[in-house]
Amino acid sequence: AATREARERGAAYQRIVETTSEGIRTADADDRTTFTNSRLAAMLGTTAEEMRGRPIHDFLFAEDAIALQAKMQELRQGLSATFDWRFRRQDGSGLPALVSVVALRDPHGRFDGSLAMITDISERKRAEEALSASELLLSRIVSSLEEALLVVTPDRVVVRVNEAAERMFGYSKAELAERSTEIL
């Protein structure tokens with residue numbers, strides 16, 4: 001009965017690992033891949049078999065390798081981390097990802113490898129870039145207006161001022177923000 005229960009538990013874990021939307025990777029103490037779920041392999045355009053035994057450096061851009069060394073030192077010291085990272089897919093394109101990684105320890109507490117959960121954040125990055133472009137365009141439009149423009153919250157806090165408003169009121173943007181209740 002215990003063996004059947006262990007098999008069922010193993011099958012349940014396998015189902016969870018293979019159906020999650022996150023990539024999962026485990027590595028040994030030398031950062032050689034010991035396990036990768038199919039989601040991570042697909043995210044990187046490869047297979048789990050091709051990833052096995054390879055260091056994560058094989059899936060990064062060369063310019064990111066030094067920064068990863070610092071992250072690995074922190075991990076070896078037992079520090080868990082969550083950070084944005086950029087992976088290199090097999091086709092050479094980039095994959096922006098959110099990485100959550102924890103150190104694995106042997107029974108004596110020594111660093112024995114790592115477990116990482118990797119989330120594709122491509123859509124979030126595209127939205128951030130679109131928002132930045134939109135904010136830049138809005139800022140340029142507001143700055144170029146000849147009319148004074150103040151954007152004020154309902155509780156009379158100035159959140160945006162253009163140069164025409166500075167000239168009209170005779171205060172800098174910072175001063176207008178400080179004196180908003182007096183002026184408005």
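Which residue in the turn of the hairpin formed by β1 and β2 has a positive phi? That residue is Asp-31, with a phi of about 65 degrees, in a hairpin that places 4 residues between its two strands. The model is a predicted one, in which local features need pLDDT of at least 70 and side-chain atom pairs count only at pLDDT 80 or more, while totals for chains, interfaces and linings use all residues. Residues are numbered from 1 along each chain as its sequence is written, and side-chain values use heavy atoms, with hydrogens and water left out.

Strand β1 (residues 23–28) runs antiparallel to strand β2 (residues 33–36), to which 3 bridges connect it; strands here are DSSP runs of E with at least two residues, numbered from the N terminus, and two of them pair if DSSP finds at least two bridges between them. Within this pairing, Arg-25 has Thr-36 of β2 as its bridge partner.

Phe-83 has Val-99 as its bridge partner in β4, and both Phe-83 and Trp-85 are buried (under 20% relative accessible area, with a 1.4 Å probe and protein chains only).

Elsewhere, Arg-86 lies over the face of Phe-61, at 4.0 Å from the ring centre, where the criterion is CZ of Arg within 6 Å of the ring centre and within 35 degrees of the ring normal.

Methods
Buried means under 20% relative accessible area, exposed over 50%, partly exposed in between (1.4 Å probe, protein chains only).
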